[in-house]
Amino acid sequence: MKLPRPKIPEQPPPGPTRPGFWRSPLRGPWLSSFLGSALLPLIVISAVTGFLSQAAYNPDLGNNSVLPGGGLGWDVLFFSWPTNPAWLYALTQGLHVICGLAAIPLLLAKLWSVMPKLFEWPPLRSLAHLLERASLALLVGGSLFVFFTGLLNIQLFYPWPFSFVPSHYYAAVVFLAALALHVALKLPTVRDAFRRRGVLRPLRADLAHTAAEPYEEGTTAPLEPAAATITRRAMLATVGAASLGVGLMAVGQVVGGPLRGLAWLTPRGRGGDGPNGFQVNKTAAYRGIEPAETGAAWRLRLDGGRSLRLSREQLLALPQHTYDLPIACVEGWSTTQSWTGVRLRDLAERAGLAGADQVLVESLQQGGAFREVTLSSGQIADERSLLALRVNGADLSPDHGFPARIIVPAAPGVHCTKWVSSMRFERA
């Protein structure tokens, strides 16, 4: 005997599933279209710079890829990350963080504007409706996960058991796929909303003339609108001010200089005093670097055509070069300092492998995803790529990588390995 299939009641239960529950006169196709149009460029910039960040790791070299199994197979852009201009990574990652932060107030406003769609009744009308709601769930869930894990990463707060970068990356792929489908489905709605009401015309209405859009089933316009308590202009100005404010905080930690004071809520936005008084993500103590490991007994192991062991004094006796170069971190902050040390290409020549195709750099730290990095031939060949021994005219501090660290123009900060223990130059 077959059991009857449960039927969804035709009448929605009390609460947000009823059209009369949502009464704000601001909601409607125009507001959702306007917010989506403002949000889309920020998302596109964040997405492009996010994929460029993956390319900056040169993930096809050694164990550089931070994604399991090397990623999706197509996420490696088929070029070696350049060293010019030196501020390239600071620009791309800075834009990633600035646009990502600025997008959050707009994203929250956009979600508020379409909230009735999340509770529409019946929840499932057909297979096509099921697919639409599944894509909407992926879009909303993916956006919240991507933007808020990114926000917490900037704050160096990780209240989850999974690795941030792969999870953030793969969630972004899902989110962008759902977004592409959503944009394709909603373009006619956006075009119709702007054709009916104009792109900016609703912003000119004062409070007395702020009226709800006509109710149509399946849209977010209210069935029983309440009286307006705020104009659309004031609502969007508030959202825009919030976006501008958090964006300026991110600009402060990216650009620095006189703007550094704007980085109020970014933990790496400001530095300290003294020649080594600039940002540090991971201290020597955090990485378990003992003073004895970096003392007089420390030796740099240099391998290539031959093997050498060099003390810090011997490295200081080699030709020294000084360049002003930025360090830019995945969290979005950057800082430019004056670095002094030995050129990587000179060390390759000393190791008997001039013109090496790559170099494996290892740190004294025993754990962490970036205890080793493989640098490309272009990075080795650049005259500004250094094994740095001093910064701003003073010895490196322990937290900045004493006795020696890597500095490579345009490289992600995590590839500027601190507490270097060995360098192995290789042919491809």
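Predicted model: local features only at pLDDT ≥ 70, side-chain atom pairs only at ≥ 80, totals over all residues.
**Helices H1 and H5**

Helix H1 spans residues 29-56 and helix H5 spans residues 164-197; the two pack with their axes 9 Å apart, at an angle of about 150°. Because angles over 145 degrees count as roughly antiparallel, H1 is roughly antiparallel to H5. Their crossing is left-handed.

On the H1 side, the contact is made by Pro29, Trp30, Ser33, Phe34, Ser37, Leu40, Ile43, Ala47, Phe51 and Gln54. H5 contributes Tyr169, Val173, Phe175, Leu176, Leu179, Val183, Thr189, Val190, Ala193, Phe194 and Arg197. By class, the residues of this contact comprise 16 nonpolar, four polar and one charged.

**Strand E10 and its partners**

Strand E10 covers residues 420-426. Six of its seven residues are buried, so E10 is largely enclosed by the rest of the structure. E10 pairs with strand E1 in the parallel sense and with strand E5 in the antiparallel sense. The table sets out the two pairings.

| Partner of E10 | Residues of partner | Sense | Bridges |
|---|---|---|---|
| E1 | residues 300-303 | parallel | three |
| E5 | residues 358-363 | antiparallel | six |

Leucine 302 has methionine 423 of E10 as its bridge partner. Serine 363 stands opposite valine 420 in E10.

Methods
Residues numbered from 1 in each chain as written. Heavy atoms only, no water. Axes fitted to C-alpha atoms, helices over the stretch in contact; angles between N-to-C directions. Helix = DSSP H or I, 4+ residues; strand = E, 2+ residues; numbered from the N terminus. Parallel < 35°, antiparallel > 145°, perpendicular 65-115°, else oblique. Left-handed = near helix turned anticlockwise from the far one by under 90°. Contact = heavy atoms within 4.5 Å. Nonpolar A, V, L, I, M, F, W, Y, C, P; charged D, E, K, R; others polar. Buried < 20%, exposed > 50% of the residue type's maximum accessible area, 1.4 Å probe, protein only. Pairing = 2+ DSSP bridges.
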